[in-house]
Amino acid sequence: MDANDIIRDPRSGDDAVLDAVSRLRSVATQARVWTDIANDSSYRTFHRDVAIYELFRRHFIKPSTLGETASLLAGGSWLADAVVEKIETISGEIPVAVPAGGASFIVRFAKAPARADAGVYLALDRDLDADLLRDALMSRNKDPGLDKVRIVDFALFPPDVG
Amino acid sequence: MRAFIPKQAPSRTANSAPPAKRENITPRNERGFGRDGSAPAGLPQSFDFGRIPLYHPAAGKLQTKLTGNGPEDAYGQEADPVVRRVMRMPERQHGGRCACGGGCPKCQNVHDMMGKQAALPQTGSEHTAPNPRLIAPTAAQPASGELMTAALDESKGGLAITGDGGTPGGTLPYREATNLLECMRIMGDEAYCRQEVLGEATAVPQPILQKTTVSGPTTSNNGGFSWGSRWSLQNATASTNGWIVQHVTVTQNVTDAAGAAVVPGQGTFGGLSTAWYPLWEAWQVRGGQVFVGGSATAHNADTYGQNPVGANTQGTTAVVGRANFYPNLTLPTGFTVKNAAPAWALPATNTDPNLIGGTGPLSHSLTATWNGVTGNGVTTVTTV
């Protein structure tokens with residue numbers, strides 16, 4: 001079966017999905033393939049997490065504005081199940097560089113059973129609250145000015161989605 | 001780097017050094033050593049020292065000509081006798097210190113050997129036959145290499161090392177010379193053996209952990225702060241590997257307007273939770289470069305940050321860190337990445353890993369003070 005077909009098939013098992021993903025070249029698929037899966041609750045959580053991960057890994061370009069990112073996420077309904085946390089207490093390091101006056105966030109994807117936590121660190125060039133960021137990414141913000149806030153850096157974790 | 005092994009005459013190959021002309025000349029001095037370095041009767045013929053660029057640790061002057069006691073000196077008549085020689089050993093893949101930190105069987109052999117050799121005479125005038133282990137054949141085949149001669153130096157009471165073709169040499173006490181050769185036979189690492197046996201400084205200085213502020217410190221009222229520092233290693237080279245491990249503790253001494261204790265990080269109060277500490281967190285060093293934990297992301301900033309504890313609070317937050325670089329450390333399995341406060345992307349543990357062998361601790365501390373009860377809540381910060 002074609003890798004794209006396996007990825008699109010909600011009945012595909014975890015290993016089959018991971019194998020199919022590994023067979024795809026870097027940007028061999030349209031972003032729409034991943035957003036369709038990420039935003040469809042009929043897929044298993046892990047399947048959706050893989051799609052979110054690959055969407056960022058293959059299609060997100062830094063820097064991008066929140067407006068551009070919201071378009072990429074195509075609604076980002078998966079964010080309703082994600083945890084968006086502003087990083088303020090720290091005695092360590094995050095893998096993104098935060099500019100002066102900016103803020104950093106961690107977006108944890110919905111936790112798939114028996115799988116490691118997965119998510120993405122984001123560095124913004126402006127300080128805002130986590131709820132505002134979530135709304136902006138889901139195209140729900142009421143402040144058009146937020147669309148111009150830029151995501152200047154991002155880092156996915158874990159290093160490999162599997 | 002050059003390294004050597006004892007000569008193995010029967011196994012000489014096309015690439016090994018040709019027989020020395022001196023091998024056919026075998027007059028013997030009073031102590032029974034032949035001009036070609038052949039041993040007295042009863043001693044193995046492989047009593048050969050090698051072409052090792054030995055230097056006297058204290059003497060800056062190189063000896064290129066052997067010395068004797070005068071023309072009437074029986075030994076002086078043979079002022080140039082070759083008494084030892086060895087062949088070059090294949091180069092070690094890694095230079096400097098052994099990666100094991102001293103605990104591997106090879107290192108133990110060196111340490112054992114040095115302890116046993118301590119009983120050997122200190123001077124050449126009292127010299128005895130070398131430790132038989134010195135001349136024991138090894139599995140390693142001699143590589144190509146020129147000879148270096150070693151002869152008795154009665155005036156200095158040791159072995160004078162002379163190089164063919166002007167290779168610099170020197171005079172070493174007999175025990176040091178034999179220890180050095182034995183160490184090199186076992187370890188095959190000239191820099192390591194020079195340091196271990198002769199106490200010479202290695203050519204490559206130890207890495208020194210340093211930090212540079214890259215952001216802040218910035219503050220916000222009622223205890224908020226952020227301070228970013230970047231680690232680097234002075235003297236790091238492409239072969240510098242290991243982990244930087246920082247031990248962090250946090251002390252909170254905060255009260256509210258009524259004087260009641262406040263626990264930052266709990267309930268509606270912001271700030272670093274003391275429950276997260278003590279903490280040990282780690283950055284990997286690969287090829288002299290520092291990375292975020294064991295990831296491929298280059299290290300940017302170790303950050304101490306706290307959001308405001310809350311309005312109408314006053315007190316002090318003290319973050320005390322001590323970082324150390326541990327060369328060639330394998331990070332204990334207890335270190336895990338949680339992608340959560342306070343270490344975030346770093347592998348960390350709350351259990352003391354009891355690490356040893358660091359290059360020296362580096363203080364990395366911050367104290368924040370504010371008064372939002374009777375004052376304006378402005379936070380002041382001091383850093384070390």
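**View 1. The bridge between A:Gly92 and its partner in β12(B).** A:Gly92 lies in strand β3 of chain A (residues 90–92), which runs antiparallel to β12(B) and is joined to it by 3 bridges; strands here are DSSP runs of E with at least two residues, helices are runs of H or I with at least four residues, and both are numbered from the N terminus. The model is a predicted one, in which local features need pLDDT of at least 70 and side-chain atom pairs count only at pLDDT 80 or more, whereas totals for chains, interfaces and linings use all residues. Residues are numbered from 1 along each chain as its sequence is written, and chains are lettered from A and ligands numbered from 1 in the order in which they are written.

View 2. In the order β3(A)-β12(B)-β7(B)-β6(B), 4 strands form an open sheet with antiparallel pairing, where two strands pair if DSSP finds at least two bridges between them. The edge strands, each of which pairs on one side only, are β3 of chain A and β6 (208–220) of chain B. Direction ignored, neighbouring strands of this sheet are turned by 15 degrees against each other on average, the axes being lines fitted to C-alpha atoms and angles in general running from 0 to 180 degrees between N-to-C directions.

**View 3. The pairing of β6(B) with β7(B).** These two strands pair in the antiparallel sense over 10 bridges. One of the bridge pairs is formed by B:Thr212 and its partner in β7(B), B:Arg230.

**View 4. The side of chain B that touches chain A.** Contact, defined as C-beta atoms, placed from the backbone, lying within 7 Å, links 28 residues of chain B with 16 residues of chain A. Two or more residues each come from β8 (242–256), β10 (279–286) and β12 (302–306) of chain B, and β12(B) gives the most, with 5 residues. The residues on this side of chain B divide into 15 nonpolar, 11 polar and 2 charged; Ala, Val, Leu, Ile, Met, Phe, Trp, Tyr, Cys and Pro count as nonpolar, Asp, Glu, Lys and Arg as charged, and the others, Gly among them, as polar.

**View 5. B:Thr237 in a loop of chain B.** B:Thr237 is found in the loop between β7 (224–234) and β8 of chain B. B:Thr237 counts as partly exposed because it has 14 C-beta neighbours inside 10 Å, a class lying between buried (20 or more other C-beta atoms within 10 Å) and exposed (12 or fewer), with C-beta atoms placed from the backbone. B:Thr237 and B:Gly288 are 51 residues apart in sequence, and their C-alpha atoms are 5.2 Å apart in space.

Technical notes:
Contact = placed C-beta atoms within 7 Å.
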